[in-house]
Amino acid sequence: QCMKKYTCSDGSKVSQATIDKRRSDSYRKRYNERPSYVCQGCGGKAMCSAHIIPQARCKVIGKADLCWSEENYFPACYVCNSRIENPSSEEIKKLYNLSECLAVIKKYDKELYAKFEHLEKTYDLPDWKV
């Protein structure tokens, strides 16, 4: 049986088990060093980690390393986790950290960012170069 491998930004390949371990290590490091039980999206109680660029998308675009990158996730409640996953919904505008999320998307995934461009005029974002 052939194990599926996913490409990272540097061209290396990783298995799902490696992604899971590195993500778990990243969560442990982030939350043990800086315990944060407050949702960065709304200020409520954080129940999970929301990936700004969804993990499935990271694997598709050859940037599997974003699955465990602290830059690509934040402590969130379930509602805000859902909000960041739905760029066309008006609900996304309720995220306190939307400008930071949009900057990460613009930096790493121009194609996904195009789905958010309707918000660009509302938020002052750095002009990331590809």
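Contact here means heavy atoms within 4.5 Å. This is a predicted model, where local features need pLDDT of at least 70, side-chain atom pairs count only at pLDDT 80 or more, and totals for chains, interfaces and linings use all residues. Residues are numbered from 1 along each chain as its sequence is written, and side-chain values use heavy atoms, with hydrogens and water left out.

Start with Ala-76. Not counting residues up to four places away in sequence, Ala-76 touches Cys-39, Ala-46, Met-47, Cys-48, Ser-49, Ala-50 and Asn-81.

Now for Cys-39, which sits in the loop between helix H1 (16-33) and strand E3 (48-51); helices (H or I, at least four residues) and strands (E, at least two) are DSSP runs, numbered from the N terminus. Cys-39 counts as buried because its relative accessibility is 2%, buried being under 20% relative accessible area with a 1.4 Å probe, protein chains only. Leaving aside neighbours within four places in sequence, the contacts of Cys-39 include Pro-75, Ala-76, Cys-77 and Cys-80. Its C-alpha atom is 9.7 Å from that of Asn-97, 58 residues apart along the chain.

Ala-76 turns up again in the largest nonpolar core: with Val-14, Ile-19, Ile-53, Ile-105 and Phe-116, it touches the most other members among 30 residues. Such a core is a set of buried Ala, Val, Leu, Ile, Met, Phe, Trp, Tyr and Cys residues joined through side-chain atoms within 4.5 Å. The elements giving two or more residues include strand E4 (73-76) and helix H4 (98-108), and H4 supplies the largest share, 6 residues.

For the protein chain as a whole:

| Item | Value |
|---|---|
| Helices and strands in the protein chain | 5 helices and 4 strands |
| Buried residues in the protein chain | 42% of the 130 residues |
| Contacts between residues at least 6 apart in sequence that join residues at least 24 apart | 60% |

Definitions and conventions. Buried means under 20% relative accessible area, exposed over 50%, partly exposed in between (1.4 Å probe, protein chains only).
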